Amino acid sequence: MDRKYWERIAPVYDDEIFDLLKNDSKSLVRKAIRKLSSPSHVVNDIGCGIGKWLPLLSPAFKKVNAIDISAENLRIAAATYPQFKNVKYIRANMSSPAVTSLPKSDLVICINAILTGSLPQRSRFFKTMAAAVKNGGSLVLTVPSLESSMLTSIIGHQWKIERDLLSPAVNKNKALHKWNNLQQGNADIDNVPTKHYLKEELQLLLSRLGFTGIEFKKIEYDWDTEFLVPPSWLKDPRPWDWLVVCRKN
């Protein structure tokens, strides 16, 4: 997913992009942010999109840096929330070698933004993000769960839920390509290879970037986020994203 993709998607962002804020029924992310908020602190919202988290962030922090790859996303956010005077909008491609630094902050939030299937781009994103957290600062990160994606796939095949959608006719080359993607943790969302993460993978990655006190929680969703018509018996366990909260040494 490059800048052109996000510029194109910006006008229909609400229709095309999964709304974690709306679907986080237990408000786990909001609670994590509030716990770490301070009127004297600066927060970086990396991958801010059209600014859905600004109504929570702006009143709770001294300054908000809203950072996104898309100029159109930032324009929409600024037009939607003109009342938030402590927000600075910054266009940056976190996966680009040209982005060498960002304003340092006491807290970084990054909500389902590190999705690229490219390992080099993903590595640059993580390193640039980590560098934007002050020593002693915190990170609130959410990412798609590979465990959840695999569970959905297993359930879909075992009980033949929407089997025409889950088991399309594919040639050998396409099947091999999908298998190679899956070995890297890339599962398709709307036919786009999207990075999903194992809990232990995240733990290792973040610890190598200098983060400690790494805590994990599941942001659970209803099954209709995975299947068009889930059977009535399909309750728990539910699909989830990972919420990670940690501190930089």
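This is a predicted model: local features need pLDDT of at least 70, side-chain atom pairs count only at pLDDT 80 or more; totals for chains, interfaces and linings use all residues.
1. Let's start with β2 itself, which covers residues 61-68. Six of its eight residues are buried, so the strand is largely enclosed by the rest of the structure. Buried here stands for under 20% relative accessible area.

2. Now look at one partner, strand β1 (residues 38-46). β1 and β2 run parallel, and six bridges join them. To find this pairing on your screen, pick out Val43, which stands opposite Val64 in β2.

3. How do you get from β1 to β2? Follow helix α5, residues 54-60: together with β1 and β2, this helix makes a right-handed β-α-β unit.

4. Next comes the pairing with strand β3 (residues 87-91). β2 and β3 are also joined in the parallel sense, over five bridges. Two places to check are Asn65, whose bridge partner in β3 is Lys88, and Ala66, which stands opposite Tyr89 in β3.

5. Which helix belongs to the β-α-β unit that β2 makes with β3? Helix α6, residues 71-80, takes that place, and the unit is right-handed.

6. One general idea to keep in mind as you look: side chains in a regular strand alternate between the two faces of the sheet.

Technical notes. Residues are numbered from 1 along each chain as its sequence is written. Side-chain values use heavy atoms; hydrogens and water are left out. Buried means under 20% relative accessible area, exposed over 50%, partly exposed in between (1.4 Å probe, protein chains only). Helices (H or I, at least four residues) and strands (E, at least two) are DSSP runs, numbered from the N terminus. Two strands pair if DSSP finds at least two bridges between them. A crossover is right-handed if, with the strands pointing away from the viewer, the path from the first strand over the helix to the second runs clockwise.
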